[in-house]
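Subject: The structure we talked about

Hi,

Here is the structure I promised to pass on. Have a look at it first, and then read my notes below.

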Amino acid sequence: MLETALIDWSRAQFALTACYHWVFVPLTLGLAIVMAVMETLYVIKKDEFWKSTAKFWMKIFGINFAVGIATGLILEFEFGTNFSNYSWFVGDIFGAPLAIEGIIAFFIEATFVAVMFFGWDKVGKKFHLASTWLTGIGAAISAIWILVANSWMQHPVGMEFNPDTVRNEMVDFWAVALNPVAVSKFFHSWFSGWMTGSVFVIGVSCWYLLKKRQTRFALASIRVAAIVGIVGTFAVMFSGDSSGVHAAKYQPMKLAAAEGLEDGGPRSPFSIVPGIEVPGMLSILATHDIDGYVPGINDLLYGYVDSEGVEHLSAEAKIYKGKTALKAFRAYRKLKDTNPVAAAKVKEVLEENVEYFGYGYIDDPEELVPNVPLIYWSFRVMVGFGSFLLLLMMVILFFEYKGKIKDMKWLQWLAILAIPMVYLAGQAGWIVAEAGRQPWAIEGLLPVKAAVSSLSVGAVKTTFFLFVAIFTVFLAIEVRIMLKAIAKGPEIVDNE
Amino acid sequence: MITYEFLQNYWWMLISLLGGLLVFLLFVQGGNSMIFLAGKTEEERQLIVNSTGRKWEFTFTTLVTFGGAFYASFPLFYSTSFSGAYYVWMLILVTFVLQAVSYEFQNKAGNLLGKNTFRAFLTLNGCLGPLLIGTAVGTFFTGSGFTVNKEAAGNSLQPVISQWVSGFHGLEAVANPFNVEFGLMVMFLTMCLGALYLINNIDDDKLNSSLRGRLGFVFLCFLVCLIFVLVHLVTMPGFAVDSTGHVFIEKAKYLHNFLQMPVVLALFLVGAVLLVCGVVLTLLRKGFRRGIWFSAPGTVMVVMALFMVAGYNGTSYYPSTADLQSSLTLANSCSSEFTLRTMSIVSLIIPFVLAYIVYAWRKMDLKSLTRKELAETDHKY
């Protein structure tokens, strides 16, 4: 029997790598847009000021870029090292987007980031500008494919279980690539990167205003970043709305946990914080209908009949069907070479219950409930900080246009304090997405405990603590180098 | 007619090509191993770091793509080898991660650990990365102790399909001399490529002459390892697989593979000649700086041929010494026909990717790196 500690440490290692990865990646995604806009302004206006402004943010981008790549490398390989069963069981589907990401996106990034950094005097202005945009586009394409892969874990589509090869096999590539969850997840994550980049640029620029240094640079950066950030935040809100609808449809337990909703039904309330609710709002958000049925945790565990009269199975019934599928699978494997007639019969039983195959690994219905307080509060941190940041960027843009921001110290301080908020919002979002899916590695298909590699707990603990040390040192160094670079400031060519 | 078997072979060819390109691009690692060996002054070391630093993303990206392509096309290898040889792959990853950040951090104010620590990381990755990758690839010929039992998926308590026998999780590979010879061969090869690349990319007489000195020594080491590897390879028993998928030991299997696949043998020989020519011409002709133009394609060809010998002609490319019938073959470890077919369409984009890389690389490298450029540029490592 696999040790619980092994499952926990394997999860912890992946979560650690993913959390650190998402510290560095959103800044890459967001800064790429901000500096590309700035360089475009340089090419259009032929003003050296914009070139030096873009160059400063490129310098910050460079400090951050490599750590994101490094943590991404480990994430990709951890599917093999720590989740080997997963890699075989769904590798036929899951490997494809990762390979496409490498072939299409990474090479664009790798090629043009070098031109962006080192090509100022080697290539023409337009080629350089194209390279800067392509660096950002490459990062976005990379995000598309990795989120196609991740969304497939949230809502597996386009595959069939093959008992002969003992794995799920892809039967519809476009269903995987255009998974509705993937579309909203990509926009939600990519635009949240715009938010991060923008809030970061605004915060750093406000520090220059506080110090009364580089005023023109700071104001210009604030204007560009605030516009990018507001556009990005609205896009995050719209894609977040469809993410909510998808969660209600495909991952109702995640939604119930995010709302702390024990008993659901039509006209379900939205919880702002414990004790304060908006009646009917959850039904509107989740189904776009005030009478829409939103099941609670108990409904999902014990079964329910929704508003349209459709009966939904209890967890126990699903587990029973899952165990039946596993039993039929074992029988099929025994009989397939010796007794084809009997094998065909048990295969029918397997096919009838294969939808619940993953539930066969579940022993207790309670396992199906994720960590409710963690998901509930993470959701509130994400939405709360996200809404506040939108308001803040709108206020900042307003006062920048009015020419008053230079003298508003409280607003400048608030902008600086907003930097950790945008990171917390991003981390919280991923906690909702990933911890909310537990106990599943792939929703309804494969629980984490059946996905891990057979390793000793000691081996995983060793690498876990090694990564804790390495990533933490990297983060500390990156922050220190960034602070030094910011303190030194840009070398601005100001013709005004 | 594009059959399932054709697709399996096509994808092994792509894996071989990516493997070849990866080993060629490990010139970045080889170049970094020269930071303290050939760079005597701070300026010379900075020239080396800035020369390889403009190419490291390609190596990194190729490594990631190599992993992704293996995952998509042969997922059973991905799950068995990475989880089994856990410590080896983790060590490889750690050295590459250290390398990735070291370029940006090494010369920046506030980097906490100091310039030389980060350069030591670059050198560590420069030597250990290729050595470990080579040692791991050596097991493609000698085998590893693992079992694959697909029935396990039906066991809700112990559902793991791939199990590694040794608690050393891959480190036991060093007990086999062939694996170590293979690792050393790859390491010295990348050092040769690194020196050749730097000679081509940096216009500096002093550093050039220092690099040529080191090139002679590492080339000699490479040749010794290559001879050991080749002698072992053509005499050792190999892991053959018949048309029913049954795996058995065959004497001199890899020699037979070379002889029964003359195209692969020709690829290997032409590649080896080109590789050697690149180095020898550089060593013999003082002003000759284009050795990498010969050795790079030579390396790709040699590595491709070795991968083909490991996987084609009825051979198990990832054999198991613990249970022969658990050995991985192209047929039993690959993705479904649908996935291979879909990914084959995606692979048609590769020539376009190569084309824009060559275009951008050429634009950036029209002029060699000099001390003057390094002194004048505002973005350097």
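**What I found**

Let me start with a helix pair in chain A. The axes of helix H14 (residues 372–401) of chain A and helix H15 (residues 409–435) of chain A cross at roughly 145° and come within 7 Å. The crossing of H14(A) past H15(A) is left-handed. Where the two meet, the contact residues are 24 nonpolar and 3 polar, with no charged ones. Please keep in mind throughout that this is a predicted model.

If you follow chain A on from H15, you get to the loop between H15 and strand E9 (440–442) of chain A, and Pro439(A) is found there.

Now for the domains. Chain A is divided into domain 1 (10–249 + 377–423 + 453–488) and domain 2 (265–359). Taken over C-alpha atoms, the centres of domain 1 of chain A and domain 2 of chain A are 34 Å apart. Their contact takes 6 residues from domain 1 of chain A and 12 residues from domain 2 of chain A. On the domain 1 side, helix H8 (residues 215–250) of chain A gives the largest share, 3 residues. By class, that side of domain 1 of chain A has 4 nonpolar, 1 polar and 1 charged residues.

On to chain B, which has 16 helices and 4 strands. Its C-alpha trace spans about 65 × 45 × 40 Å along the principal axes. How does its radius of gyration sit with that of a compact globule? Chain B has 21 Å, and this agrees with the globule value because a compact globule with 381 residues would come out near 21 Å. Of those 381 residues of chain B, 58% count as buried. Among the contacts in chain B between residues at least 6 apart in sequence, 76% join residues at least 24 apart.

Two spots in the backbone of chain B are worth a look. Most residues other than glycine have a negative phi. Ala252(B), though not a glycine, has a positive phi of about 50°. You can find Ala252(B) in the loop between strand E4 (247–250) and helix H10 (253–260) of chain B. Is Ala252(B) buried or partly exposed? Ala252(B) counts as partly exposed, because it has 15 C-beta neighbours inside 10 Å, and being buried takes 20 or more.

The other spot is Asn313(B), where phi is near 60°, again a positive value in a residue other than glycine. Asn313(B) is in the loop between helix H12 (291–311) and helix H13 (330–333) of chain B. With 19 other C-beta atoms within 10 Å, Asn313(B) is partly exposed.

Last, how do the two chains meet? The contact takes 66 residues from chain B and 69 residues from chain A. Several elements of chain B give two or more residues to the side that touches chain A, among them helix H4 (56–73), helix H5 (75–84) and strand E2 (162–164) of chain B. Which element gives the most to that side of chain B? The answer is H6(B), with 12 residues. By class, the side of chain B that touches chain A has 38 nonpolar, 21 polar and 7 charged residues.

Cheers

Conventions:
Residues are numbered from 1 along each chain as its sequence is written. Chains are lettered from A and ligands numbered from 1 in the order in which they are written. This is a predicted model: local features need pLDDT of at least 70, side-chain atom pairs count only at pLDDT 80 or more; totals for chains, interfaces and linings use all residues. Two residues are in contact if their C-beta atoms, placed from the backbone, lie within 7 Å. Ala, Val, Leu, Ile, Met, Phe, Trp, Tyr, Cys and Pro count as nonpolar, Asp, Glu, Lys and Arg as charged, and the others, Gly among them, as polar. Axes are lines fitted to C-alpha atoms, for helices over the stretch in contact, and angles run from 0 to 180 degrees between N-to-C directions. A crossing is left-handed if the near helix is turned anticlockwise from the far one by less than a right angle, and right-handed if clockwise. Domain bounds come from an automatic or database domain assignment. The radius of gyration is taken over C-alpha atoms; the globule rule is 2.2 Å times the number of residues to the power 0.38. A residue is buried if 20 or more other C-beta atoms lie within 10 Å of its own, exposed if 12 or fewer, and partly exposed in between; C-beta atoms are placed from the backbone.
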